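The following exercises are to be worked with the sequence and the coordinates at hand. Each task is followed by a solution in steps.

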Amino acid sequence: MKNPMNCYIHAIFVIQENNPLILTLMKKYELEDSHKKTIKEICQSFGNKHGELINILHSTQGHFGYLPEAVQNEIALNLNMPLAKIYGVVSFYSFFTMTPKGKYPISVCLGTACFVRGAEKIVEALEEELKIKVGQVTEDGKFSLDCLRCIGACGLAPVIMIGDHVHGRLTPDMIKGILQQYE
Amino acid sequence: METVKITIDNKHLEVPKGTTILQAAKQAGIKIPTLCYMNLPHLSREHKPGSCRVCVVEIKGRKTLAPACVTKCAEGMEVLTHSLRAMNARRTVVELLISDHPKDCLTCPSSGCCELQNLAIIMGIREITSVENAAISTYRKDESPSLIRNMDKCVMCRSCETVCNEIQTVGALSAINRGFMAVVAPAFEQDLKDSPCTFCGQCIAVCPTGALTCVDSTPQVIRALADEKKFVVVQTAPAVRAALGEEFGYAPGTLVTGKMVAALRALGFDKVLDTDFAADLTIMEEGTELLNRISRHLQGDKDVRLPILTSCCPAWVNFFETNYPDMLDVPSTARSPQQMFGPIAKTYLAQKLGIKREDMVVVSIMPCVAKKYECQREEFFVDGNPDVDYSLTTRELARLIKYANIDFNSLEDENYDRFMGESTGAGVIFGVTGGVIEAATRTAYELFTGKELENVDFHELRGLEGIRQATIDFDGTPIHIGIAHTLGNARKLLDGIKSGMYNFHAIEIMACPGGCIGGAGQPLHRGDSSVLEARMKAIYQEDANKVIRKSHENPEIITLYEEFLGKPLSEKSHELLHTCYFCHPRK
């Protein structure tokens, strides 16, 4: 079942399989020339305008999957803007992330309906099964785990999303089986 | 000019269109309380984010209350600043601010000069009833060599952010995160010492609370003074004497040189000496360097780097090391007066007095917080012993005087000790923007032309304008001089030089508005530009009062070169009085 609202997030967060970008970005603070070129092009496409910062960050995150320090630094250089200001915007909006997401990003709804129907137990089961905490990515880069507030599917509570797929009416013992569907 | 008629608290006013309610009320003698609002007229900058809501007023016929700082007067507007509704709202705003603020006012470094505390006083807030046991949001404390960031006390007025980004163009601070987690911090929440911060301290000069404060070095100085084995020498910067009096109730611009010397002696310093002496020494070294470069340039030497930039201001040194790493060979290699004083005191003076280097403690009194960082720079240590041990601000000196039960106002004037206490008018004017280059001009003119300079007052180099330029006639050779104060203006000037817009032989740059008289270690003036003007006048008055007004005529300087250094830019000078710069482009 697809949640139309979430195509938007999907496009930004789901990264192609074995994306080499994440590995190179994680390992080095210095960016490769090709990455610098990409950032430059994105900034130029928005006329290097300070007022377009959110769009530039949005677009850059769409390309790299996340906004590590080196990428923010490069945007700061291109826009001739203080790095602190860029980080200020990145840290303000929960949409922007500085940690890479997994191939299949998992979002657990902690909205009121899901919460009272045991969403916390679902989070615990996911953490145990994936051996990561909320906000982290599995070592193989397959899954990442995050929480969010209400995806508008309260009738299915408790509910999680994996990529753009919604899984509802969950109990903790269902988690293992669901994760096995993703390869 | 188009005007509008309004009434504020039943007073009828006619004000120019575009005037805010806050400005209009001020004209009518009505003081609407503010917190996040900051006006810096000498920098043509009004900071009014309209975020704190302390200045809300009632406007008749309007459903909601309006913030006076950002609401413009409109024709026929009837404003009530102390209606029950406005007063209640204002009170709630301040109570809510205090509910998320530590209540350690008794021991807070900003106690007595905190604007939130003032608001609680003027509104008569005696208890916080609304959210009695609510937890206060906390954030880790960040301590740099000069500044302390205690974000628990931040009220998010973001004045520091405006000063750091717009006035200084340093770009170290920004508001980050959101809600209760929101603080002002460098990128990635790194420490200030790892950020592009220059330690100019202008953020602490505008912080209304105790969120940004200066490192306190008074305990170390008190301990050194109590240690009988230590010989404690103190040096006082030029700008201190023009502002210290303000901490003791004197009008801004009152010169308290004599009382300050008496107070320092009463505190128990073994020698009370003058940074102005070291300023004269700086002119000898920097002036000679300037002349060398200009002479080589005039002889057609293509490799010579011009313009020469002054290097007295440690925040400015930090700024170019971070922002202009390709220009590290352009500034003068001469150390700042503070860092010239230290090595001379710990070599020549110590030998003269028969004291070992490690037994001498050099304390400096500075209008500056970056000086605290400067004296800790590695290159200013000899075998683990710093050239200058501790640097105190003007405000810290005032506190030290109060700790020691000294009644400053009743002190009789006293004179500096000798040696290193004699100075000229040229040394004094280091304290104001344009002063260093004027002092250098006085000496360089005579050395260059071989003629005596009759009028030593170069009025074309003075003033409070952000960027100034002048051409001085060196007996037929025009010397182009540029002056900038605030780092934002310095950036404009430097970028102008890079793009070929300006062509100068020499440039003076000071990081703080007005030069050292507006330093972050001075008594806080909260944007009152008349205070800066008064201090500036006092400095030029002190200069005019001096019998000797050219650095190279200072008899102690002449003796120092005869007995110890040889001549300017000698090997000994290079070892003790010059430095080099390091590229540290920080992330």
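Domain bounds are those of an automatic or database domain assignment. The model is predicted.

**Exercise 1.** Determine how chain B is divided into domains, and characterise the side of domain 1 of chain B that touches domain 2 of chain B.

*Solution.* 
- Step 1. Three domains are assigned to chain B: domain 1 (3-122), domain 2 (142-214) and domain 3 (285-335 + 423-577).
- Step 2. Taken over C-alpha atoms, the centres of domain 1 and domain 2 of chain B lie 24 Å apart.
- Step 3. With contact defined as C-beta atoms within 7 Å, 18 residues of domain 1 of chain B touch 15 residues of domain 2 of chain B.
- Step 4. On the domain 1 side, β4 (45-47) and α3 (115-122) of chain B are the elements that give two or more residues.
- Step 5. By class, that side of domain 1 of chain B holds 12 nonpolar, 4 polar and 2 charged residues.

**Exercise 2.** Describe the packing of helix α3 against helix α4 in chain A.

*Solution.* 
- Step 1. The axes of α3 (residues 33-45) and α4 (residues 53-64) of chain A come within 9 Å and cross at roughly 145°.
- Step 2. The crossing of α3(A) with α4(A) is right-handed.
- Step 3. From α3(A), the contact involves Thr38(A), Ile39(A), Ile42(A) and Cys43(A); from α4(A), Ile56(A), Ser59(A), Thr60(A) and His63(A).
- Step 4. These residues divide into 4 nonpolar and 4 polar, with no charged residue.

**Exercise 3.** Identify which elements of chain A supply the side that touches chain B, and state the confidence of chain A.

*Solution.* 
- Step 1. In the interface, 10 residues of chain A are in contact with 13 residues of chain B.
- Step 2. On the chain A side, α5 (69-79) and α6 (83-92) each supply at least two residues.
- Step 3. The largest share, 7 residues, comes from α6(A).
- Step 4. The chain A side has 5 nonpolar, 3 polar and 2 charged residues.
- Step 5. Chain A averages a pLDDT of 83, and 84% of its residues score at least 70.
- Step 6. Residues 1-28 of chain A have a pLDDT below 50, and this stretch has 37 contacts in the model beyond near neighbours in sequence.

Conventions: Residues numbered from 1 in each chain as written. Chains lettered and ligands numbered in written order. Predicted model: local features only at pLDDT ≥ 70, side-chain atom pairs only at ≥ 80, totals over all residues. Contact = placed C-beta atoms within 7 Å. Helix = DSSP H or I, 4+ residues; strand = E, 2+ residues; numbered from the N terminus. Nonpolar A, V, L, I, M, F, W, Y, C, P; charged D, E, K, R; others polar. Axes fitted to C-alpha atoms, helices over the stretch in contact; angles between N-to-C directions. Left-handed = near helix turned anticlockwise from the far one by under 90°. pLDDT = per-residue confidence, 0-100.
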